[in-house]
Amino acid sequence: MKIQGRMFVWLSVFILIMAIVYGVWSKEPAGTTALFLAFGLSIMIGFYLGFTARRVDVGAQDDKEADVADDAGEVGFFSPHSWQPLSLAVGGALAFLSVAIGWWLMYFSAPLILIGLWGWVFEYYRGENRTQ
């Protein structure tokens, strides 16, 4: 985590320099304010990562002699037979298409999204996969 904290601190230094240059050069308040806010967010993340890195065990990313496999762990559980992502994808595609075609299409996409979300959340609470 130490290296990520340093990366964010250096990124915040760059953003601060660019905010000052942009503010002096353009005299435009909205962009200058946005850059200073981005600096603030970046420095907060860098400080948090550096602060946390001192209190946790050294990770594999901080060890210069570490291999890629040293940081490998459990990725997670992914359901190999679920149809719910397809329902969410079709519903999401129709929802985004409704912006271009017409908002009436949202009436067809909202039930698909809700059915897909409900089915994905409660997939392992019913049926043959209930005990997994």
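Helices (H or I, at least four residues) and strands (E, at least two) are DSSP runs, numbered from the N terminus.

**Figure 1. The protein chain has four helices and zero strands.** The model is predicted: local features need pLDDT of at least 70, side-chain atom pairs count only at pLDDT 80 or more, and totals for chains, interfaces and linings use all residues. Residues are numbered from 1 along each chain as its sequence is written, and side-chain values use heavy atoms, with hydrogens and water left out. Along the sequence the pattern is α-α-α-α. The radius of gyration of the protein chain, taken over C-alpha atoms, is 23 Å, well over the 14 Å that the globule rule gives for 132 residues, so the chain is more spread out than a compact globule. That rule is 2.2 Å times the number of residues to the power 0.38.

**Figure 2. Nonpolar surface patch of about 1200 Å².** Among its members are Trp 10, Phe 14, Ile 17, Trp 25 and Leu 41. H1 gives the largest share, nine residues; Ile 17 lies in this helix. H1 and helix H2 (29–53) each supply at least two residues. Nonpolar side chains (Val, Leu, Ile, Met, Phe, Trp, Tyr) are joined within 5 Å and like charges within 9 Å.

**Figure 3. Patch of positive charge on the surface.** Lys 2, Arg 6, Arg 54, Arg 55 and Lys 64 gather here. Arg 6 is found in helix H1 (residues 2–26). Lys and Arg count as positive, with the charge placed at NZ of Lys or CZ of Arg.

Key:
Patch = residues over 30% accessible without salt bridge, like charges linked within 9 Å, V, L, I, M, F, W, Y side chains within 5 Å. Areas by Shrake-Rupley, 256 points an atom, 1.4 Å probe, with all protein chains shown as cover. Salt bridge = Lys/Arg side-chain N within 4 Å of Asp/Glu carboxyl O.
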